[in-house]
Amino acid sequence: MRLVQRFYTLQCVRCDTFWDEHQTTTVCLRCRNALDVKYDYDYIRDRLNLYSLKNSPLSALKYMDFYPIENRRRVVSLDEGATPLHRSQNLSKALGLKNLYVKDEGANPTGVFKDRGSMVEFTKALELGAQAVCVASTGNMAASCSAYAAIAGLPCYVLVPEGTAIGKLSQTLAYGARVLQVRGTYGDAVRLTEKMAEDHKFYLAGDYAFRAEGQKSISYEIIEQLYWKAPDFVIVPIGCGTNLAAIWKGFVEFKKLGFIDTLPKLIGVQPEGCSTICEAFKRNVDRAVLIEKPKTIASAVGIGVPQDDIKALRALRESKGYCLTVTDSEILTSQQELAKMESIFVEPSAAIPIAALPILLKEKIIHEEDVVVCIATGNGLKDPHAVLKILPSPPSIEALSSEVDKFLKNRLYEIQGIKLKDQGEILFQQVPEKDKLLDLVEQEFKVNLRNPYGDHLYTLAREFEEKGKAVTRTDLQNLVETVLKSTSPHKFLKVLDYQVVATKHARPKATVTLEFEGKQTTSESEGVGPVDAAIQALRKAVQETHDFECHLVDYQVHIDTSGTDSAVEVTMTLKDKENNQVVAVGTSPDIIVASIEAFEEGYNVLYGKNQTSLET
Ligand SMILES: *Cc1c(COP(=O)(O)O)cnc(C)c1O
Ligand SMILES: [Zn+2]
């Protein structure tokens, strides 16, 4: 026997049809648009315990009365929420703002705000009798859902686009999800997942109505953390738009219940390469402008088909807010600033609100005195490669304190990365004189590369010239990194020349001529590919001259820019019989040259180590 009617229902945002949660929890069965949860707020008000709401410690669970949950005996929670509202100390000064706050959502259990939504969504999934869950994701949704599925004891099927950020993918696998990588966009993954849910009767998780209810707690917490006041502005990155709409709903509800007197203005921000909702906002239309292939480093918001466009656009307009875009370069710069000035390390998508601040100040949309809250949506460890795209990798040294002193004396720690937007710019076609080259390096990267680094850099740059490759900023950064990684003080082994013959059907053949401590040798070898043949020939040649052996334990190729004429960075890990190990790098537009250089460098370091250990 039911004593009360359910205190909420689902309603289509487009055609206003009401739906029962047993009929659908995802989209309107009539027009396939998004659903919103509508409440009987009198019921909620009557049931509220104001004392506990105002006095119990911060936690997403304390707002249970505002969620569409009926069965409170089986809540699927990982203790989400209660994230810090960090008051900016340094960034605010640099920008000229007096009351800047950062809501650090990376502090949630899986490192992203989505956990708040997953709590409600998975509680509902159990309540509605789900046997298995499936979800499409750019990575964070996958990680969050697999964590909540694991604790709920539900199998979780996940579809992500190929190339998902490594932190997110490894989390998802660790939580035990059944993962498929789709060669396509997030939109393709959504389409396949919806079909999968229908065909196999899986509970479809994702940016749907119940998730949004959980995400309202971001606003409840901000209000409480600002001593029961609303800020003037809340700045939110937009992907699907679910979070921005949920944040708005949270503020509206607390105003309705009389907990705050004013409402904030919401500012939505998107990357330039994925301006679905901002474009619609500008054109004054109520549906997103769809994008087939979004292009941005902020992969979590690279969503061309946003599911909650109607809700997000409504929220922006109702709040008298604003919507704007920022460039990938601005995003990566802000990511570093937030880390350096406020010690909050976020993923690129989460830095988007910070990137918008200078623009908003300049356009006089926000002012010095305004209370501004930026939502830092996710943790930086989710996508560690993004930050390394512009930050130079640090130097390597032999384990000698003299090397440490050299690092300090030359102030190599002052090295600075280049801006994303400048990466492809050509610096020179012909290598300038050595001193000019080093001046250029100092100007670009803020390090003074005197010898022994200077000579080495000059030699490497000349090799680019020999291959007819213009040197871009990225190339020069790679060369500087290579030089700072090379530690062999003595060149025992020098490769003088090589020749590789490769055809489609036969095994490639390589001939290598090298000099080992003054003695020349030439050797030949075949291999499965041209690089393999060259390295085999090298190993044969060194074995002929003396009996020191080392073998390759890892080989990686990295290409920073696009195009077949890009420079490649080869990283090789070599090991000798004593288990000494070295990681050596070679950079060249020619992959064989880069590989030979890495081998040469690694070999010299290991051989040098063996010489000194024989002496002592
Ligand atoms: C999902 C996500 C967003 C975008 O949120 P929407 O609700 O899709 O608009 C932003 N930042 C991060 C880190 C995310 O994971
Ligand atoms: Zn409808």
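Q: What covers the buried residues of helix H9?
A: The cover over the buried residues of H9 includes helix H2 (50-55), strand S5 (99-104), helix H4 (114-127), helix H8 (209-215), helix H10 (242-256) and strand S13 (371-376), where contact means heavy atoms within 4.5 Å and where helices (H or I, at least four residues) and strands (E, at least two) are DSSP runs numbered from the N terminus. This is a predicted model, in which local features need pLDDT of at least 70 and side-chain atom pairs count only at pLDDT 80 or more, while totals for chains, interfaces and linings use all residues. Residues are numbered from 1 along each chain as its sequence is written, chains are lettered from A and ligands numbered from 1 in the order in which they are written, and side-chain values use heavy atoms, with hydrogens and water left out.

Q: What makes helix H9 a mostly covered helix?
A: Of the 9 residues in H9 (residues 217-225), 8 are buried, a word that stands for under 20% relative accessible area, with exposed meaning over 50% and partly exposed lying in between (1.4 Å probe, protein chains only). The buried residues are Ser217, Ile218, Ser219, Tyr220, Glu221, Ile222, Ile223 and Glu224. After H9 comes Tyr227, which has a positive phi near 55°.

Q: How do you know whether Leu332 is buried or exposed?
A: Leu332, which sits in helix H13 (residues 328-342), has a relative accessible area of 0% and is therefore buried. Apart from neighbours within four places in sequence, Leu332 is in contact with Ile297, Pro348, Ala386, Ile390 and Leu420. From Leu332 to Glu347 there are 15 residues in sequence, and their C-alpha atoms lie 9.1 Å apart in space.

Q: Why is the side-chain meeting of Lys98 and Glu368 called a salt bridge?
A: The term requires a side-chain nitrogen of Lys or Arg within 4 Å of a carboxyl oxygen of Asp or Glu, and for Lys98 and Glu368 the N to O distance is 3.0 Å. Lys98 belongs to the loop between helix H3 (91-95) and S5, and Glu368 to the loop between helix H14 (348-362) and S13, so this pair ties together parts that are 270 residues apart in sequence. Lys98 counts as partly exposed because its relative accessibility is 46%, and Glu368 likewise counts as partly exposed, at 40%. The structure holds 35 salt bridges, and some residues, namely Arg6, Asp20, Glu21, Glu70, Lys124 and Glu127, are linked by such bridges in a network.

Q: Why are Glu279 and Arg283 said to be separated by about one helical turn?
A: Both residues belong to helix H11 (residues 276-283) and are 4 residues apart, which means a separation of about one helical turn. An α-helix has 3.6 residues a turn, so residues three or four places apart point the same way. The closest N and O atoms of Glu279 and Arg283 are 3.2 Å apart, and the two form a salt bridge. Glu279 counts as partly exposed because its relative accessibility is 22%, whereas Arg283, at 51%, counts as exposed.

Q: What makes Arg411 and Glu414 a salt bridge?
A: Their side chains meet with an N to O distance of 2.9 Å. Arg411 has a relative accessible area of 43% and is therefore partly exposed, and Glu414, at 33%, also counts as partly exposed.

Q: Why is the ring pair of Tyr39 and Tyr41 called tilted?
A: The structure holds 23 aromatic pairs. In the pair of Tyr39 and Tyr41 the centres lie 5.7 Å apart and the planes make an angle of 50°; rings of Phe, Tyr and Trp (its six-membered ring) pair if their centres lie within 6.5 Å, and planes under 30 degrees apart count as stacked, over 60 as edge-to-face and the rest as tilted, so this pair is tilted. Tyr39 and Tyr41 are both buried. Elsewhere, ring pairs join Tyr63, Phe66, Tyr220, Trp228, Phe254 and Phe259 into a cluster.

Q: What makes strand S2 (18-19) and strand S3 (35-39) the edge strands?
A: The sheet is open, with 3 strands in the order S2-S1-S3 and antiparallel pairing, and S2 and S3 each pair on one side only. Two strands pair if DSSP finds at least two bridges between them, and strand S1 (residues 8-12) is joined to S3 over 5 bridges in the antiparallel sense. Within this sheet, Thr9 stands opposite Lys38 in S3.
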